[in-house]
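Let's look at how charged side chains pair up in this protein. Have the sequence and the model at hand as you read.

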Amino acid sequence: MKRVSTVVDRVRALFSRRGRIATIDAAKAAPPPSPLAPVDLTDPAQVSGVMDIAARIGDILLSSGTGNNDVKAQIHAVASAYGLHYSHVDITLNTITIFTHIGTAQKIPVSIFRVVRRLSVDFSKLSEVDRLIRSIQAGATPPDVAEKILDELSSAPPRYGRRMSLFGWALMAAAVAVMLGGGLLVAATSFISAVVIVGGANWLDEQRLPMFFQNVYGGIVATVPAALTYRLALESGLNLAPGQVVASGIVVMLAGLTLVQAFQDGITGAPVTASARFFETMMLTGGIVAGVGIGIQTSAALGVTLPELETVVSPNLASTTLKVTAGAVAAAGFAIACYSEWSSVLVSGMTAGMGSFVQYFILVPLGVGPVISIGILATIIGLTGGLLARRFLIPPLITAVAGITPLLPGLSIYRGMYALLHEQMVMGLSNMALALGIASGLAAGVVLGEWFARRLRRPPGFNHYRELWKLRRFSFQDHARDQSS
């Protein structure tokens, strides 16, 4: 037992630096000892203004994929920093409600309600909000300045243009294709296919087409061009595995879904939100599956018969090293696609590189099963990414989501649809079940790894102001005694 404690202390010392804790860790540790600015807690207008600032911050956190419990903790931290120590926060799917009472003799209820319009994966805004929360907790940002920062943040364009983001998606697709064993031709085809998928999906989104049909479009584009390229490669005497191109396109479409957030909400005690997010993710994944199926049938109608499922080539040192590098590049590409700051891009690549190294140099040679190995990898990524994120003051969500993105089950989905459409029911259903198991293992593992990282860097505990709470709570018994005396 003493030896285990020593190992934990060494790991903690390795990643420790005074003050280097995540914003969410600080938010869950304790509220500030005194209000940041003199806010009149008997004035409903000022109280609702503070609550509105907290809700707007929660809006950005929630739309970026942060879990319900973490969003609640950070909303509480912001409100508490302005003197509103006791308020109730409720988050259900895409709605935020904050409620409190003000006054002493006469309790006046004050509440605000905010709807998060849509998921917007912009990690640069997430980083800016993370810094804003730190500044508020440190006592450096009064309410009027916080409002101005949020106004500027909501109207600011992405950190870099859409072309750079599009390049990030394409880079990720090419790197994933290399991870799956593809060569230069496969990587180049995947790069171009991702540009068409994401560019077309962005245009369809501007036309307000529902996300389900955007994914159907993406599944078709991922399959038909791969089949046509495969035919041209055969006629030219080149070797191209279309399944790797299709799988990389599927990973690009799966990357933006909220599976990790759904599992995190379910594990941490938000079952209603978790169920809704999980159903939404399954519906959108169903659109991808339908698109791939249509693409396979369309390819057959065009006279292009896709080959049978490719066998996995035995790994060697050169190919394994290339795959590890590709894993790091894929995560960095996803971070670029989501407008991350360059420090976040670097740390995300390091996190995914660590996971890919463990996968290809340790787990694959040992013959560990796919679902178990994915769970182990996701836990390592969640732990490593969480510690590195705290070291470099980056929101842990960025490193976690970017780190597991290259491991999404694109190839299993393609193989399952291929088998089902060729009347291989057992193989098709087993591959679809494998894809679901891999996705679940990724989400659960990264949540567990982040939990370990949070425990290693956890600040001291804190007992909330119980006496202050008693003073603010209205008691009919005390009121009756005061009237009688």
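D59 is buried, with a relative accessible area of 14% (buried means under 20%, exposed over 50% and partly exposed in between, using a 1.4 Å probe and protein chains only). R114 belongs to strand β3 (residues 108-115) and D59 to helix α3 (residues 44-63), so the bridge ties together parts 55 residues apart in sequence. Helices here are DSSP runs of H or I with at least four residues, and strands are E runs of at least two, numbered from the N terminus.

This is a predicted model: local features need pLDDT of at least 70, side-chain atom pairs count only at pLDDT 80 or more, and totals for chains, interfaces and linings use all residues. Residues are numbered from 1 along each chain as its sequence is written, and side-chain values use heavy atoms, leaving out hydrogens and water.

The whole structure holds eleven salt bridges. Here are three of them:

| Pair | Closest N and O atoms |
|---|---|
| R454 and D70 | 3.3 Å |
| R131 and E341 | 2.5 Å |

R131 is partly exposed at 37% relative accessibility, whereas E341 is buried at 10%. Both R454, at 14%, and D70, at 9%, are buried. Through shared partners, salt bridges join D70, R390, E450 and R454 into one network.

Conventions: Salt bridge = Lys/Arg side-chain N within 4 Å of Asp/Glu carboxyl O.
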